[in-house]
Every structure is written in C-alpha cells, then in structure tokens.
Amino acid sequence: MYLTAGLHKSLQLAPDATMLIDGEVRRSFGEVADRVARLAGALRSLGAQPGDRIGILSLNSAAYAEIVLACAWGGFVFAPINARWSVPEMQFQVDDAQIAICFTDNACAAAASRLTGLRQLVSTAAELDSLIASGEPIEDQRMGWDELAGLLYTGGTTGRAKGVMINARGILTSTYGSLASAGQPLVAERFLHISPFYHLAALGSLLLQVQLGSTHILLPAFEIDAFLDTVSHEEVSATTLVPTMMHLVFTEALASGRSLPTLRRIGYGASPISEATLRLTMQAVPGVLLAQRYGMTELGPVATVLAPHDHDLERPDRLRSAGRAALHNEVRVVDPSDRPLPTGEVGEVVVRGANVMMGYWNLPEQTADTLRGGWMHTGDLGYFDDEGFLYVVDRVKDMIVTGGENVYSTEVEKALAAHPAVDQVAVVGVPDDDWGERVHAYVVLAGGESVDASALREFTGKQIAHYKVPKTIDFIDEMPLSPVGKILKRELRQRVSSNAVVEQRRPRGA
C-alpha cells in the first residue's frame with residue numbers, strides 16, 4: 001500500500017466528485033490528481049530529487065493537502081514546519097533537515113522570509129497555481145511501504161528538536177488500526193480538518209481520508225463560529241478535535257441553539273475528556289460517536305484507543321484512561337530494566353508494532369536508546385487496570401500538553417534561565433480548565449535582582465514559541481531539593497494543584 005493509492009481509486013470511481021473544499025475553492029478528484037502530478041513534475045524542474053525534504057510552513061489549506069500528496073507522488077519527503085514555532089526553531093529544522101525548497105502562505109510569509117539557506121521559497125497564494133500550470137505531469141512513483149515519506153519535528157528535553165522519520169507503513173498501520181479499534185467503518189466521510197497539519201495526528205487523518213475517498217473540508221485555524229458554520233453548511237460527518245475545543249464549540253452550539261445533525265464521529269486526543277465535556281458533547285450532538293486516541297509522532301501516531309462504547313457516564317473513571325492497546329500494536333508498562341510490570345503498577349509505557357517510527361533523523365544513538373529491545377520507549381509513565389485500560393499518570397521527560405501542543409519543561413527552563421535576574425527555575429505542567437494543562441514556572445531570583453512576571457514572559461517569548469511561554473510564574477525564595485540536590489518537581493506540582501487560583505508572588509526587591 002502507498003500513500004496515493006486512495007487518490008487513484010477515487011480518480012477511477014468518481015473523478016468529478018468533490019475532493020477538496022477550502023472556502024470558495026472546490027476541486028474534484030480529477031482536478032486534484034492532475035494538479036498533484038504537475039506539482040510533482042514542477043518540483044523536479046526546481047531541482048528536487050527523490051528523497052529530498054520539502055518544507056511546508058503554512059496554515060491548513062487545499063494547497064497544503066496538494067503539496068503533501070505531490071511529495072508522495074514524486075518520491076519526495078514532506079517536512080511540515082510548526083507555524084507556531086519561533087524563527088530560530090524553524091531555522092533549526094531547515095538546517096537539520098537540509099530543506100532547500102519550502103512552500104509558505106500569506107499568514108506565515110513573514111517568518112518564512114527570515115529563514116536562510118533555502119534555494120526556493122514558494123508562495124502558495126502568489127506562485128503555486130502558475131508553478132502547477134507550468135509543470136509537466138509525471139507518473140506516480142508509488143513510494144514503497146518502507147521508504148521515508150515524512151519528517152516531522154518534535155521538541156526535545158535537551159532543547160534540540162528531533163526529526164521523526166515516518167513511512168507509509170507507520171502512518172497507514174496506525175490510522176487504519178485506530179479506526180478499526182474504535183469499531184468505526186472504513187467509509188468515505190465529509191471530514192473537517194481543523195487541527196494543524198504540522199502535527200502527525202492531523203496529517204495522518206488527511207492521508208487516511210485520502211485512502212477512504214473522503215471529501216476534505218479545510219479551515220486554516222480553529223475559530224468557534226467558523227467551525228460551527230462549516231459543520232452545518234458543508235454537512236460535515238467527522239472531525240478531530242481536542243477536549244478544549246470540544247468544550248468551547250459545544251457550549252456555543254447549545255447557547256445559540258445550533259443543531260449539527262450530520263456530525264456522527266469525533267476523534268480526539270492530547271488529553272482525556274472530562275465528564276462535564278462529555279455530557280456537553282452528548283447534549284449538543286446526540287448520538288455522536290467519540291474515540292480518544294493516545295500516542296505520539298513516533299507511533300504513527302496512535303498506540304491506544306478509548307472506543308465509543310467506553311464513553312460511559314456510568315463509568316467516569318474510565319474517561320480518565322487512554323483506552324486499550326489498539327489492534328495494530330502491543331503496549332506494555334515496564335520497569336527501568338524493561339521488565340513488564342503487573343496490573344496497577346506504574347512504569348514507562350512502551351509500544352511495539354508496524355506503526356513505530358523508522359527512527360530519529362541523524363540521531364542513531366537516541367534512536368537505538370528509544371527503540372531498544374524493539375520497543376518504542378514513550379517517556380510516559382502509566383499503569384494498566386485489570387481490564388487492560390491504560391492510565392497515563394506522568395511524563396518521564398516532563399512534557400506538558402497545553403491546548404493540544406507539546407511543551408518540554410527543560411526547553412522553557414533554559415529560556416527563562418538566560419535572563420540575568422534568574423538564579424534558579426523549574427517549569428511544570430499544572431491542571432487548567434481551559435488548556436488541559438498550563439505551563440507554570442517557579443523562579444528564584446539572583447541576590448539583589450528584580451524582575452516581574454510580565455517582563456520574564458516577554459523575554460522568554462523572544463526565544464521560544466508563545467504557547468511555550470509560562471502562563472503563570474511564581475517567585476519563591478528557594479527550590480525544594482532532594483538529598484542529591486535535584487529539584488523536586490512533584491512537590492512543586494502539588495503546591496500549585498492545591499490552590500484553586502495561582503498566586504503570582506511579588507519578586508524579591510520589588
């Protein structure tokens with residue numbers, strides 16, 4: 001199986017049916033197939049060779065989908081760039097992946113123009129159509145099952161982002177397996193893409209829906225009214241959200257009396273769903289089927305699934321789980337020696353299956369360590385209950401998931417510590433009703449120094465993406481330390497979680 005197989009089938013079965021809807025843009029399967037073949041040819045004329053990484057710095061759009069498919073068609077590697085990253089973070093990816101050709105849109109053009117080392121920067125708004133029109137269509141390369149298809153970068157606890165190498169085997173095993181695990185039919189949908197394609201969860205949904213012959217409805221970003229209007233107007237049948245989005249859109253749907261009768265399936269991830277959000281969703285969209293998926297980019301991206309029938313208000317404890325191991329992989333909880341632990345005992349979550357990544361780009365030692373023994377070591381801590389449901393309780397690497405975005409505490413700590421007034425810093429994720437988790441920092445100031453929280457946040461925002469900047473900062477006199485001098489983050493988390501409202505204390509000397 002290859003990533004463009006579904007496009008060929010749809011071209012054969014229904015070439016005039018609508019494939020892409022992006023505002024006023026509506027393109028049939030036949031039109032998309034022709035544009036993809038020509039764009040792949042145009043990339044060849046620009047000097048791209050099979051295996052070259054093609055950057056995409058853009059919000060979701062029909063153009064984005066066509067670029068991804070053109071990469072698969074022409075034998076190139078799609079390399080999405082996180083549009084919320086700072087320019088230095090983007091530059092690192094361009095340099096590390098050796099991206100020579102990059103596509104960008106109007107929303108991201110300013111950041112893209114500051115990137116160096118690119119041979120060609122193509123505007124999807126001003127240049128893409130003419131580039132496609134001038135391109136000679138080429139035959140689909142039908143990239144092999146195990147060939148490198150995509151390179152997606154994730155944050156790292158060392159501050160160095162890692163390029164996750166994925167192939168068709170990983171993506172399609174994971175996406176097909178997650179649907180089957182949820183008991184959902186493998187049928188064409190009218191699918192609304194709202195989550196950004198630079199995340200594999202969203203990009204995987206795009207590629208799966210191409211296989212199913214679905215109609216793709218695209219929005220550039222999440223906005224409550226636009227989401228609700230689009231679901232109604234385009235008769236959307238399925239989408240993927242995060243619980244924070246679900247709470248917002250269905251609160252508004254109920255308040256405004258908007259009915260969403262065509263919406264039948266919602267996949268979600270990033271965090272478990274609360275009982276309150278589940279009740280709200282079921283009230284706003286009666287009969288909707290929900291499926292939670294837990295995983296990460298390295299897992300293609302799904303490892304476990306909480307199926308629709310497990311969303312039971314009589315079992316609210318189950319809603320806090322990540323579901324059971326998906327049909328396509330094995331999941332274990334192990335001790336530091338990689339020995340399986342019994343039910344109820346907390347250890348590291350590890351995964352084995354055809355969905356697991358090929359490895360990290362140019363990082364053989366980290367790849368070997370992460371994939372040791374044939375198991376992907378997730379860095380998450382969890383346990384199984386006696387019915388096989390996985391509960392993720394913490395993160396070995398102190399990753400924070402805020403509003404569906406991954407934030408690594410060490411990266412934020414390094415940014416804060418660069419301020420001359422800061423002596424010590426510790427960053428933790430704490431529960432937040434709006435964001436799932438928020439980034440919270442504890443700061444010890446250097447003797448005689450003074451700085452306020454807003455100044456620290458502004459300083460940090462110049463170094464890292466704004467969603468990584470601490471939403472709250474607490475100035476303290478000293479850090480709680482272990483006997484060997486390690487900061488006790490668990491104690492810091494307990495301090496925050498024991499207070500309904502976080503107090504931002506005045507810094508010393510203020």
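Trainee: At what angle do helix α7 and helix α8 pack, and how is their relative direction to be described?
Mentor: In this predicted model, helix α7 (residues 168-181) packs with helix α8 (residues 200-212) at an angle of about 80°, and their axes are 9 Å apart. Angles of 65 to 115 degrees count as roughly perpendicular, which means that α7 is, relative to α8, roughly perpendicular.

Trainee: How many residues of the contact of α7 with α8 are nonpolar, polar and charged?
Mentor: From α7 the contact draws on I171, L172, T175, Y176 and L179, while α8 contributes L200, G204, L207, L208, Q211 and L212. Because Gly counts as polar and Tyr as nonpolar under the classification used, the residues of this contact divide into 8 nonpolar, 3 polar and no charged.

Trainee: Into which domains is the chain divided, and what area is buried between domain 1 and domain 2?
Mentor: The assignment gives domain 1 (4-384) and domain 2 (402-503), whose C-alpha centres lie 30 Å apart. Their contact takes 14 residues from domain 1 and 15 residues from domain 2. Carbon and sulfur atoms give 46% of the area buried between domain 1 and domain 2, which is about 1200 Å².

Trainee: How many salt bridges does the rule find across the interface of domain 1 and domain 2?
Mentor: The rule asks for a side-chain nitrogen of Lys or Arg within 4 Å of a carboxyl oxygen of Asp or Glu. The side chains of E405 and R84 meet in a salt bridge, with 3.3 Å from N to O. Across the interface of domain 1 and domain 2, the number of salt bridges found is 2.

How values were computed:
Residues numbered from 1 in each chain as written. Predicted model: local features only at pLDDT ≥ 70, side-chain atom pairs only at ≥ 80, totals over all residues. Heavy atoms only, no water. Axes fitted to C-alpha atoms, helices over the stretch in contact; angles between N-to-C directions. Helix = DSSP H or I, 4+ residues; strand = E, 2+ residues; numbered from the N terminus. Parallel < 35°, antiparallel > 145°, perpendicular 65-115°, else oblique. Contact = heavy atoms within 4.5 Å. Domains from an automatic or database assignment. Buried area = accessible area lost by both parts, 1.4 Å probe.
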